[in-house]
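Please look through the structure shown here before reading on. The paragraphs that follow go through some of its helices, charged pairs and aromatic rings.

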Amino acid sequence: MPCVFCADIGTSSLKAAVIDHSGNVLAYSRQKFHSTPDSVAGEWLSALKATMDEIFQAEGLTVDSICISGNGPTLTTCGGLTLLWNQVIPEPDTELSDAVKKSLFIPRLVGLKKLHADEWNESQYIFSGPEFLIYSLTGNALTILPEERYTQAYWTEQSLLEEGFSSKDISKIPAFAEPSSLAGKLNASSADYLGHSKSNIIQGLPVYCGAPDFISALVGTGTLKPGLLCDRAGSSEGLNLCTSTPINAPGVRTLPSVIPGLWNASVLIPDSGIRFSGYKKHFEEIAGFPVAYSDLVDAAIASDGSQAILDQGKYLMLQIAMQVRDGIKKLSSLAQEAGTQVPSSFILTGGQAESDGYTQMKSSVTGMKIEVLQCNDAELLGDAAFAFCGMGIYPDIQTAAEKIQRVSRIFAPGGDTGF
């Protein structure tokens, strides 16, 4: 039974799982980071080891490969200096060209060089997020490009030259590699460091390219055919609809799909999870004791109007659910106008999917069926799909995504949870 050790680098933690070719999650671990944001990449390898130590405690669990994904557009140097995707960068000294304005990375490359000139000059390579960990494991330097149409969102040699980068600067930026491609094999030093007496993490184990976490999540939810929709709901919330044609409208971000010829249109609710976290903190201050997320959600939903603090939580969740409804209506209307398929249901993934009560509320408010997968971290499922495709278990990404997708719960408007 082929299995992959999947790891996704988040902003504050590293999540890992062993997933088999049918999508079963055989083991899971999450390790929080403790370093400051500007040095957190230096902790990624030790966090990976910690997840492996926890996952391989049981006898008999083996893997056939490793696959890595992570947040972006994060940048790192060989020494682990990190410029996270959400860190503020200096304003450019001159007006950016149109090509550079389309890039997610070039302004951050400019910012990294400006903020940390010495580290930039000393580093052999400048990595894009998870590729730093891949380099640590294999010794191979590369940049994962989700799909050819993403080139303008990354860089070209010409756009780097236009922005004033020298040939020496450009030589620091690794060449592009595709998701699912073999990044390399586990080198001796990493195998010695990661090796566990009960695991088969040994020198020569294949390491495959995942993708930026956003792309991995779309693959993990199977949002790879026109009309399919997912809701990535954590600290922020993104509604993502696969379309056959690009959709251009205010408040909608359209990017290429990882599948050639298809597109992804998204509507962002930037702070939905953060707002509820703020409410939870406020509730705990008033109550004088900590409360579990799921318990607070259930209590707020069941509120009968007799407790103002619980009513606030219920109103907040209803407000967010209505924003989700409005976002889906907007995407559906635009899709219909563009002549592409309209969604009839959606998959919910991320931390917010842990609450059945909240998910049922979203289903009732949106009037749509919601499916929740066995693994709420869709990025890890996407990594598994990439690796199995690279290993030749499945012929393409779409097939791999379909084969590993396992729905655990279904929610219908006004109905009960479960099957």
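Does Glu379 count as buried or exposed? The model is a predicted one, and in it Glu379 has a relative accessibility of 10%. Because buried means under 20% relative accessible area, Glu379 counts as buried.

Glu379 belongs to helix α14, and its partner Arg232 belongs to strand β12. The two residues form a salt bridge, with the closest N and O atoms 2.9 Å apart. A general point applies here: side chains of opposite charge can pair when their charged atoms come close.

Helix α14 covers residues 378-390, which makes 13 residues. From the first C-alpha to the last, α14 reaches 18 Å, close to the 18 Å expected at 1.5 Å a residue. Most of this helix is covered, with 12 of its 13 residues buried. Among the buried residues of α14 are Ala378, Leu380, Leu381, Phe386 and Phe388, as well as the charged pair member Glu379. Gly382, Asp383 and Cys389 are also in that buried group. Just after α14, Gly392 takes a positive phi of about 85 degrees.

Glu402 lies in helix α15 (residues 397-404), whereas Lys225 lies in the loop between α9 (213-220) and β12 (229-233). The pair therefore ties together parts that are 177 residues apart in sequence. Glu402 counts as partly exposed because its relative accessibility is 47%. Lys225 is partly exposed as well, with a relative accessible area of 39%.

Arg325 and Asp326 form a further salt bridge, and their closest N and O atoms are 3.1 Å apart. Arg325 is partly exposed at 23% relative accessibility, and Asp326 is partly exposed with a relative accessible area of 41%. Elsewhere, a network of salt bridges links Asp8, Lys15 and Asp377.

Next come the aromatic rings. How many aromatic pairs does a search of the whole structure find? The search finds 17. One of these pairs is formed by Phe127 and Tyr135, with 4.8 Å from centre to centre and 35 degrees between the planes, and it is tilted. Phe127 has 0% relative accessibility, so Phe127 counts as buried. Tyr135, at 22% relative accessibility, counts as partly exposed. Both rings belong to a cluster in which ring pairs link Trp44, Tyr125, Phe127, Phe132 and Tyr135.

A second aromatic pair joins Phe276 and Tyr293. Here the centres are 5.5 Å apart and the planes are at 85 degrees. Because an angle over 60 degrees counts as edge-to-face, this pair is given that name. Phe276 is in helix α10 (residues 272-287) and Tyr293 is in helix α11 (residues 293-301), so the pair links distant parts of the chain, 17 residues apart. Phe276 is buried, with a relative accessible area of 4%, while Tyr293 is partly exposed, with a relative accessible area of 24%.

Lys49 lies over the face of Tyr193, at 5.5 Å from the ring centre. Arg149 lies over the face of Trp263, at 4.7 Å from the ring centre.

The last stop is Ala27, which sits in strand β3 (residues 25-32). With a relative accessible area of 14%, Ala27 is buried. Which residues is Ala27 in contact with, leaving aside its neighbours within four places in sequence? The contacts are Ala16, Ala17, Val18, Ile55 and Leu61. Ala58 is 31 residues from Ala27 along the chain, and their C-alpha atoms are separated by 9.6 Å.

Technical notes
Residues are numbered from 1 along each chain as its sequence is written. This is a predicted model: local features need pLDDT of at least 70, side-chain atom pairs count only at pLDDT 80 or more; totals for chains, interfaces and linings use all residues. Side-chain values use heavy atoms; hydrogens and water are left out. Rings of Phe, Tyr and Trp (its six-membered ring) pair if their centres lie within 6.5 Å; planes under 30 degrees apart count as stacked, over 60 as edge-to-face and the rest as tilted. Buried means under 20% relative accessible area, exposed over 50%, partly exposed in between (1.4 Å probe, protein chains only). Helices (H or I, at least four residues) and strands (E, at least two) are DSSP runs, numbered from the N terminus. A charge sits over a ring if NZ of Lys or CZ of Arg is within 6 Å of the ring centre and within 35 degrees of the ring normal. The expected span of a helix is 1.5 Å times one less than its number of residues. Contact means heavy atoms within 4.5 Å. A salt bridge is a side-chain nitrogen of Lys or Arg within 4 Å of a carboxyl oxygen of Asp or Glu.
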